[in-house]
Amino acid sequence: MPLRLDIKRKLTARSDRVKSVDLHPTEPWMVVGLYSGSVLVWNRESQTIVKSFELCDLPVRAARFVSRKHWIIAGADDMQIHVLNYNTLERVHKFEAHADYIRCIAVHPTQTYILTSSDDMLIKLWDWDRKWTCSQVFEGHTHYVMQVVINPKDNNRFASASLDRTVKVWQLGSRTPNFTLEGHEKGVNCVEYYSGGDKPYLISGADDHLVKIWDYQNKTCVQTLEGHTQNVTCVSLHPELPIILTGSEDGTIRLWHSNTFRQENTLNYGMERVWCMCVRPGSNSVALGYDEGSIIIKLGREEPAMSMDSGGKVTWARHFEVQQANLKVVGGAETRDGERLQLAVKDMGSCDIYPQTIQHSPNGRFVAVCGDGEFIIYTAVALRNKSFGTAQEFVWSHDSSQYAIREGTSTIKIFKNFKEKMVFKPAFGSEGIFGGFLLGVRSNSGLTFYDWESSELIRRIEIQPKHIFWSGSGDLVCIATDESFFVLRYLPDMVSAAQENKEKMTEGGIEDAFEVMGEVHEVVRTGVWVGDCFIYTSSVDRLNYYVGGEIITIAHMDRTMYLLGYIPKDDRLYLGDKELNVVSYSLLLSVLEYQTAIMRRDFTTADKVLPTIPREQRTRVADFLEKQGFRQQALAVSTDPEHKFELALQLEEVGVAYQLALEAESEHKWKQLAELATTKCQFSLAQKCLHQAQDYGGLLLLATASGNADMMGELAEGAERSGKTNVAFLTYFMQGRLDKCLELLIKTDRLPEAAFLSRTYLPSHVSRVVSLWKESLSKVNQKAADALADPMQYDNLFPGLQRTLLAEQYLKETHVGVRPAAEYPFIMPNEDCNVLEESMQFVSKEAVSEPEEVMKSINENLPASRPVLPPAAVEEETSIEQELLIESHLIKEKESLPNETSYSHIPTTEEHVEPEPYESVPSDELASKLEVEALKDPVTTAKEASVSGEEEILEAIIKISSFEIVESSLIKDVRPSVEESVQEMLSAADAVSAACDCETSASEVIIGKYEDEGKAVATEAAATEDVLLPTSLTVFEVSESVTGQGPDYKTQETYICSDAAAIVDAVADKHVSKPASLEELSSLETTALSLWDAPVPLQTRTHVAFDLLLDPLEHTVPVLEPVSVPEAVQKKLLPANSQPEDTLEAVLETEVSSPAAPPTESSRMEEAWPQSAEQPAEDLEEEISGEL
């Protein structure tokens, strides 16, 4: 039978005429030397040129790889040797080697030598370690030396072929040949050593169209191969198969059997003449060079002829020799995964055929060898011939007593107990057969399964398999194709039922015979089943196993390996390579059994097996459990903290994850746990985790989302300590701690930002920050530093700076700190606030009270022209002032309270505007301030103001008049303290108030409300429109239609006149028999008060109360309060023959004309002081001054 050869073309590369080819020993590369002078490197896997070199314009006839130096050495017709680095593409060296064309280069396999032959009839030896010196020259040929080859069995010998019709054998160190082989009639073009077996053969090809086989020991020609019709240009021997390859100018490649020397095949790819050929040991690839390009073909199987039985005995074939090794010998020794095993090899003898496949029977008793179109069954122990026959393929059944063979493409024979049982012809043809629980037959149309006993069709599947692997129980089968593999479950019960009921049989067999379990897109080279786990080697050199739809990688291999089997006792997998080396990898049987039990849902067995699994393998088991959906069990089984933490997160086991995070101290774990705690609403744990992870951004998010003020404070300080300035700045800013923000910017040398921050929020710090900025900037650019302007020095460049300073103080004193989130709906949004406008109505608390020393100095400056009052009058006058002051504040308090009725006010302007609510302050603080204000003398205040100059006083008065002040809500919270102060002085105040009558038409009644709601006490004041508090200024409002004395004013104006002792004067007038004339009142004016008493027109503020507690100018501004007086009281107080408006206008006119004059005496004052006490105005003023 002819030799069964699988020939596949792997690469077809079109190019110019190829004169030389070589294959890289480890990379998928082929280097070609072209007749055009170029050198190309092709990748047979990607089918592309990966490197190219332009050597010269002449043919390159030789190019070889030197893999250990990463070189390509090329020789051309320029007589130069070119040494190129194929990694860097650089020329390493170049030298002239011969005096004529260089024909061939041979690289020594172990030494640093190369041999070159040339048309100059010489062979030279070059040593690259000695800077490419020529170590030896071999002379003896009389014509061109076409090729030299080194003996693979003896590296000190080499052979040469020449056009002088001879083949010479040489030895390194000798200048002359050892011997010469003559027999060709024409020039010899090529020569090659036979590397297989122990035969001392040389093969030569010549221009006489013949190929000769030489025995170089006997120096005789063993065989002559005839068949080519043109010159034979190249010859080679396959390193693994018993094949001789020859190429000729007739364009064919002929394959000859190395044992029988018969021609096995002829290849013609239509690329014209064949010029060169190359094979590599350990590879089935052959490179061919043609006139029109190059081709790479693959001959035979890649998988070596090796087999292992269940007991650990490995049998392989090395060419025709069969050898055996026992793995039990090394089973107990310490072995590393992937390490080559040192085996004791036993020669079993020579095989009569060339073994292409070796298979042990399922019970391990027999070994079947198939090759050369024949099969032989040997006993496994002694290699005795048990049976033989002709066959292209041989397969065993699951029962060792049955096997099948394929004869050609149409006939299949089944044997039982070494006797032919049946012969059948598959309906769809037969191109391959597969053994196992069912007999598989591959055809062009798909895969067909047959029953071993009856050869009946079981199932037909439209698939083209490469391998079929059955499990030991026969329940599972893996079908491997060129692209993927499928795992199917075989259902024998369904098959039996269908065979009984023929109705379920179809043309495609029994449809329910198989159940698809899964598909994996990975190419399987070899495989074996262990339980329900399928172990296999992939095309990318990985050792994996498939179980439960998951793939677990056992190892990554550095070369192509082939599975031999698994020994449960050793818990190890064994694999072999092309060089027949055996390696092993650990794979615990307990792990496989546990996984098999889980897949079968046999949890009882799994629990029993689990304790036998070593601790270091538990994590692998836990991975498997997780992928099967048993996360809780995986968490209990796993020993890897990383894996356990991930499982705890998936299962939301916060406590377990927290303990694992504490042990790991990993920032990433803390962040993951914080996220889980947040989703579980465990914010305290989330805060701890974020703190451990130093995730200040996460802490900021958590603190703001939860409204945790304490956490915000700790976060700001921690972020600042850790250098997380962005988070620290934002946190401080959200807390309103602007000073901290500013200091942080200064600390981090962000002075420009600090300057703008202070200008916006902290204008009082602008000067300091600008100075620091200028100092820092001056080190870089002095001119730029000088261009910076300090707002405090150049206020003209910064309009509104004073308003921002007041706004800063306003925000500082009115900031309420942390407020509960429940108040959010009642707080005005920032976008609706106008801080500058609000601050214009604000007076700092620091300006409410004055030092006691200043009050004393003011009192000393009172004018001496005032009349002196008796002590009793002074005391009563003081009580009156206190009463008026208290009544004024009580009225404002009552009006500001909701749901309280109040009398209508006497209109002092055309419109009435309701006062805004006061801001609340502590009651005891307000009471103390009221007492201090009640004791102040307005005249002393005015006197002190006059000392600084008339211009300053006038400027202050104008500023006060233009400063808009609204009532705040401070008075709301102080009513209890005010009323307590009122109770102490009610007796004296009531006595004076009861004695006073309303005598003039200009009187104004003030209604004060006390604790009894609805009870009002009317008190007549001096002839002024508003109650006069102890301040230095009184505001009078003059309307356009003033009747009586005085000028006719066209516009409504407000005048501020000196009224320091208005109440005192009203009381002193009780001693005067008649009202003082205008001239007499004018005589009371002093030089020091001339400017003070001058009326100053100011902008009218309708219904505006100047709050004593918010006065920014040391409380020198009077409080104007519109007071509502019942109509009945007004009628009672006014004379019968006058209207209220006329009388009021007359009084106002008189006051405007003489601001310093005391008001007209009222009946209340007459009752309080007897007529006999009348004194001139001058005396009264002196008396008041003396008392004070």
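Guide: A nonpolar core is a set of buried Ala, Val, Leu, Ile, Met, Phe, Trp, Tyr and Cys residues joined through side-chain atoms within 4.5 Å, and please keep in mind that the model shown here is predicted.

Visitor: Which residues touch the most other members in the largest nonpolar core?

Guide: That core has 44 residues, and those with the most contacts to other members are F645, L673 and L742. Helix α14, which covers residues 738-747, gives the most to this core, contributing six residues.

Visitor: With which residues is F645 in contact, leaving aside its neighbours within four places in sequence?

Guide: Once those neighbours are set aside, F645 is in contact with A657, L660, A661, K669, Q672 and L673. Another core, of 37 residues, lies apart from the largest one, and its members include Y566, L575, L592 and A634.

Visitor: Now for the strands: in what order do the four strands of the open sheet run?

Guide: Two strands count as paired if DSSP finds at least two bridges between them. In this open sheet the order is β2-β3-β4-β5, with antiparallel pairing, and the edge strands, β2 (18-23) and β5 (48-54), each pair on one side only. From one strand to the next, the twist averages 20°.

Visitor: How many bridges join strand β3 and strand β4?

Guide: Strand β3 (residues 29-34) and strand β4 (residues 38-43) pair in the antiparallel sense over five bridges, and G33 stands opposite V39 in β4.

Visitor: Which residues does UniProt list for "repeat: WD"?

Guide: The unreviewed UniProt entry lists residues 11-52, 95-127, 138-180, 181-224 and 225-266 under that name. In the model, the span 95-127 is 0% helix and 61% strand, and its end C-alpha atoms lie 13 Å apart.

Notes: Residues are numbered from 1 along each chain as its sequence is written. This is a predicted model: local features need pLDDT of at least 70, side-chain atom pairs count only at pLDDT 80 or more; totals for chains, interfaces and linings use all residues. Side-chain values use heavy atoms; hydrogens and water are left out. UniProt positions are given in the numbering used here, feature names are shortened, and annotations may be inferred rather than shown by experiment. Helices (H or I, at least four residues) and strands (E, at least two) are DSSP runs, numbered from the N terminus. Axes are lines fitted to C-alpha atoms, for helices over the stretch in contact, and angles run from 0 to 180 degrees between N-to-C directions. Buried means under 20% relative accessible area, exposed over 50%, partly exposed in between (1.4 Å probe, protein chains only). Contact means heavy atoms within 4.5 Å.
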